[in-house]
Amino acid sequence: MWHRRELDEILKVYGRFVAQGEWKDYAIDGLKDCAVFSIFRRASEMPMYTVVKTPGDAQKQGQYKVVSMTGQILKRGQDLKQVLRVFDKKRFSVVD
């Protein structure tokens, strides 16, 4: 369910964090009612963040959202670029 343009935007952000050594792996899932891009610090862990596209929510809160590991919705909206800006904030850097 992801379109090439959407994946390009997500992979730009993902690549930036990989270059910084903060993110190590990802997974893409196409479910019945949504598409999910999961971001991992290590492949064997649960995803740190998921970027979810739910077309059924397009007329409600927006079809895109970023969800944290705890299930908290960090940002939601109609414009994927705008939603991905949640990662521009310093508080999302990982500390070991």
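Student: What do β1 and β2 form, and how many residues sit between them?
Tutor: In this predicted model, β1 and β2 make a hairpin, with 4 residues between the two strands.

Student: Parallel or antiparallel pairing, and over how many bridges?
Tutor: Antiparallel, over 6 bridges. Strand β1 covers residues 25–30, and β2 covers residues 35–40.

Student: Which residue in β2 stands opposite tyrosine 26?
Tutor: Isoleucine 39.

Student: OK, serine 38. Where is it found?
Tutor: Serine 38 is in strand β2.

Student: Buried or exposed?
Tutor: Buried. The relative accessible area of serine 38 is 6%, and the cut-off for buried is under 20%.

Student: What does serine 38 touch, leaving out residues up to four places away in sequence?
Tutor: Asp25, Tyr26, Ala27 and Asp29, plus Pro47, Tyr49 and Thr50.

Student: Switching to leucine 11. Which helix is that in?
Tutor: Helix α1, residues 4–19.

Student: And how exposed is leucine 11 there?
Tutor: Leucine 11 has a relative accessible area of 35%. That counts as partly exposed, because the class lies between the 20% and 50% cut-offs.

Student: Which residues is leucine 11 in contact with, neighbours within four places aside?
Tutor: Tyr26 and Phe37. Tyr26 is also on the contact list of serine 38.

Student: What separates the C-alpha atoms of leucine 11 and phenylalanine 37?
Tutor: A distance of 9.8 Å. Along the chain, leucine 11 and phenylalanine 37 are 26 residues apart.

Technical notes: Residues numbered from 1 in each chain as written. Predicted model: local features only at pLDDT ≥ 70, side-chain atom pairs only at ≥ 80, totals over all residues. Heavy atoms only, no water. Buried < 20%, exposed > 50% of the residue type's maximum accessible area, 1.4 Å probe, protein only. Contact = heavy atoms within 4.5 Å. Pairing = 2+ DSSP bridges.
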